[in-house]
Amino acid sequence: MQIQIKQGHLIDPANQVDKVTDVFISDGKIASLGKSPRGFKADHTIDASGRLVLPGLVDLSARLREPGNEHKATITSETHAAACGGITSVCCPPDTRPVIDSSAVVELIHQRALDRGNARVYCLGALTHGLQGETLANMHALKQAGCIGVSNGLLPVANTAVLRRALDYASSCDITVHLFCEDASLRDDGVVHEGIMSVRMGLPGIPGTAESIAISRVLQLIEQTPCRVHFCRVSSAQSLPMIADAKQRGLPVSADTGISHLFLSEVDLAGFNNNCHLCPPLRSDTDREALRKALAGGVIDAICSDHQPHNADAKAVPFSQSEPGASTIDVVLPLALQLARDGVMELPGIIEALTARPAAIAGLEAGQLGVGAVADLCIVDPDAPWTVTEDQLVSTGKNNPFLGWEMHGKVTQTLLGGLPVYPADTDHATP
Amino acid sequence: MNDSNIQLDDNGHLKHFLTIEGLERSLLLNILETAETFSGVGARAVKKVPILRGKTVANLFFEPSTRTRTTFELAAKRLSADILSLNISNSATKKGESLLDTLHTLEAMHCDMFIVRHANSGAAHFIASHVAPNISVINGGDGRHAHPTQAMLDMFTIRKHKPDFSKLRVAIVGDILHSRVARSEIHALSILGASEIRVIGPRTLIPWHIETMGVHIFHDMNAGLKDVDVIVVLRLQQERMRSALLPSESEYFRLYGLTEEKLALAKPDAIVMHPGPINRGIEIDSRVADSRQSVILQQVSHGIAIRMAVMAMTMQSQSGIQPEGGHADPD
């Protein structure tokens with residue numbers, strides 16, 4: 001099939017493209033930009049005037065809940081939500097049930113994604129068996145099975161010797177370790193950031209040092225073993241200078257933050273809003289501003305959805321009993337556009353943090369639209385207004401902390417390998 | 001940060017009583033005045049007024065309590081309500097019933113008011129935002145968050161002795177970190193205009209960022225007690241030793257136990273309060289607890305009047321009841 005996308009504003013940071021042009025797609029790949037290739041005859045033409053044409057987003061962390069928690073969400077439901085949100089590649093953390101610590105689970109997820117998925121699904125394998133933090137998972141086998149990295153999910157590796165060996169072993173397998181850093185003893189029974197709201201609400205707090213101490217521990221370990229480490233969901237201002245310094249000294253580290261942490265803070269917990277019960281916790285306004293600056297300055301490489309869909313019951317309990325996590329896959333793109341409007345950084349830089357940079361961290365060729373690249377892309381009406389309501393959310397998880405917010409920007413089309421996945425022929429969802 | 005909207009109806013009347021935070025000074029004064037009209041009821045030959053006749057109040061205590069539960073019970077009875085006291089910590093939830101299901105079951109019994117005590121901060125907010133609109137929720141203590149009726153009965157007690165809040169210097173001593181009483185008192189005192197609120201305790205028992213609530217922090221008991229008018233001593237729970245917050249009871253008593261010598265640093269007419277139950281010899285010396293300056297037992301009896309006031313006021317928002325003790329004898 002040959003598709004011509006006419007007169008869209010193409011932003012492809014990996015190839016330094018930022019202009020209105022035509023995109024020609026042939027056999028699922030970018031055939032040419034601007035000028036029609038010889039013999040090109042469009043089967044299908046998309047008028048993208050006034051719209052953005054972007055590489056499909058690469059999400060470094062979205063929980064699809066399958067296998068094991070299909071009552072919350074499924075690969076079908078969440079990759080459909082991803083496609084509707086312009087996300088074409090999704091990395092799935094290993095804390096499924098069973099845990100992704102064997103190639104059988106990887107194959108199961110890959111197969112289901114192939115059969116019914118509307119996005120490419122990549123797995124992060126387990127760093128330790130069962131994520132227990134005690135013995136090493138079969139990292140090499142996981143890599144062979146297609147895992148793009150290993151991770152211990154949201155669970156700590158409390159034993160520093162085990163962590164050291166895990167990093168050493170991962171480096172000998174040449175696999176990136178995605179680490180969510182939090183000192184378990186400093187977290188203790190904490191459920192929110194230790195700050196002005198924890199003291200008022202009487203909720204046990206998690207200090208910012210729970211993160212920065214854990215990051216410092218990892219940085220000292222990788223001084224000796226040059227293991228590639230990706231710091232996941234950085235939330236605390238005091239972690240940022242350490243990461244910046246490590247990068248400056250040439251350590252092979254990268255970092256991301258969840259989209260919610262760039263917009264929300266502890267203040268949004270007021271009234272015991274369970275949808276703002278996140279892990280890591282929403283921190284102070286100062287932390288949020290520091291994260292925005294770190295994104296603009298390149299200390300934070302990537303923005304991910306940190307999508308964690310829940311069933312209603314998981315949140316229909318008092319705050320500290322509710323399961324942490326927010327369903328955010330639907331709102332990544334409009335919020336990212338808002339970052340540009342807020343003046344955090346220019347749009348191409350933000351798009352890079354959603355496409356080329358996470359793709360590089362995951363070792364994927366996705367996230368760019370140069371000639372010859374696979375045609376994973378989305379077309380966006382950058383100003384289309386909409387209000388976040390449960391009905392508008394495509395994800396089956398309605399635990400979205402932005403409910404009631406006015407958004408500007410809506411994906412109008414998503415192509416995966418040159419084929420429409422949103423809106424698809426079988427897709428009856430309203431755009 | 002303002003949680004008050006959920007507790008007020010469209011006319012600004014108290015529909016639920018969940019937290020002091022965000023309430024107007026006039027509303028707190030109204031609670032104190034209303035309690036004043038009820039304070040004579042207990043001394044009458046017939047200790048009842050018919051204000052809540054025909055109403056059903058359910059005491060939902062998910063956490064054990066003696067004085068709060070019994071004073072709420074007595075308050076409800078003196079208002080002529082029917083009262084159900086459910087010790088839920090031993091029943092349905094042990095069988096795996098969810099909090100929402102327990103609530104809906106009680107709703108089906110046509111209760112008009114829930115008095116809730118729960119170990120989780122925010123539980124009363126959660127319940128208030130999920131119950132049927134005709135039910136009022138009164139927070140009898142949620143986690144470390146709030147204990148608004150305790151704070152109001154303490155304000156009532158303070159006012160009996162020191163009528164002008166603007167001249168008051170109040171010290172709250174002890175385990176502020178785990179104390180819902182301290183949090184509610186800080187809000188109440190600052191809304192009522194106390195001139196200075198101090199919290200005194202070791203760094204481990206003072207929550208970080210509490211200065212943002214407008215208090216002064218003291219780690220030295222002697223400095224903290226100097227010239228105060230009111231001392232609120234908080235209960236110290238045994239498990240604080242196990243979680244490495246304190247080395248020992250004896251060291252705690254030596255540093256922060258309220259003794260006659262330390263009390264002498266406060267103003268000569270200072271009053272001593274404690275939300276109870278007290279640990280003699282741990283946070284307070286017996287001679288202080290039983291002294292003329294101690295108003296601990298007055299607090300308990302004022303608790304009934306305050307709880308009557310709050311119950312009557314929240315029911316007024318439901319059905320236009322006039323929340324007054326009628327022909328009560330003045331104290």
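The model is predicted. Helix H1 of chain B spans residues 25-38, and the helices that cover its buried residues include H5(B) and H12(B). In chain A, Gly372 sits in a loop between a helix and a strand.

**Helix H1 of chain B**
- The buried residues of H1(B) are B:Leu27, B:Leu28, B:Ile31, B:Leu32, B:Thr34, B:Ala35 and B:Phe38.
- These residues cover an arc of only 165° around the axis, so they lie on the same side of H1(B).
- An α-helix has 3.6 residues a turn, so residues three or four places apart point the same way.
- The cover over the buried residues of H1(B) includes helices H5 (148-161), H6 (180-191) and H12 (296-319) of chain B.

**Packing of H5(B) and H12(B)**
- The axes of H5(B) and H12(B) are 8 Å apart, and the two helices pack at an angle of about 115°.
- Their crossing is right-handed.
- Residues of H5(B) that take part in the contact include B:Met152, B:Leu153 and B:Phe156, while those of H12(B) include B:His302, B:Ile306 and B:Arg307.
- The residues of this contact divide into four nonpolar, eight polar and three charged.

**A:Gly372**
- A:Gly372 lies in the loop between helix H13 (356-362) and strand S16 (377-387) of chain A.
- Its relative accessibility is 42%, so A:Gly372 counts as partly exposed.
- Beyond its neighbours within four places in sequence, A:Gly372 is in contact with A:Lys29 and A:Ile30.
- A:Ile30 is 342 residues from A:Gly372 along the chain, yet their C-alpha atoms are separated by 5.1 Å.

Methods
Residues numbered from 1 in each chain as written. Chains lettered and ligands numbered in written order. Predicted model: local features only at pLDDT ≥ 70, side-chain atom pairs only at ≥ 80, totals over all residues. Heavy atoms only, no water. Helix = DSSP H or I, 4+ residues; strand = E, 2+ residues; numbered from the N terminus. Expected span 1.5 Å × (residues − 1). Buried < 20%, exposed > 50% of the residue type's maximum accessible area, 1.4 Å probe, protein only. Arc of directions from axis to C-beta. Contact = heavy atoms within 4.5 Å. Axes fitted to C-alpha atoms, helices over the stretch in contact; angles between N-to-C directions. Left-handed = near helix turned anticlockwise from the far one by under 90°. Nonpolar A, V, L, I, M, F, W, Y, C, P; charged D, E, K, R; others polar.
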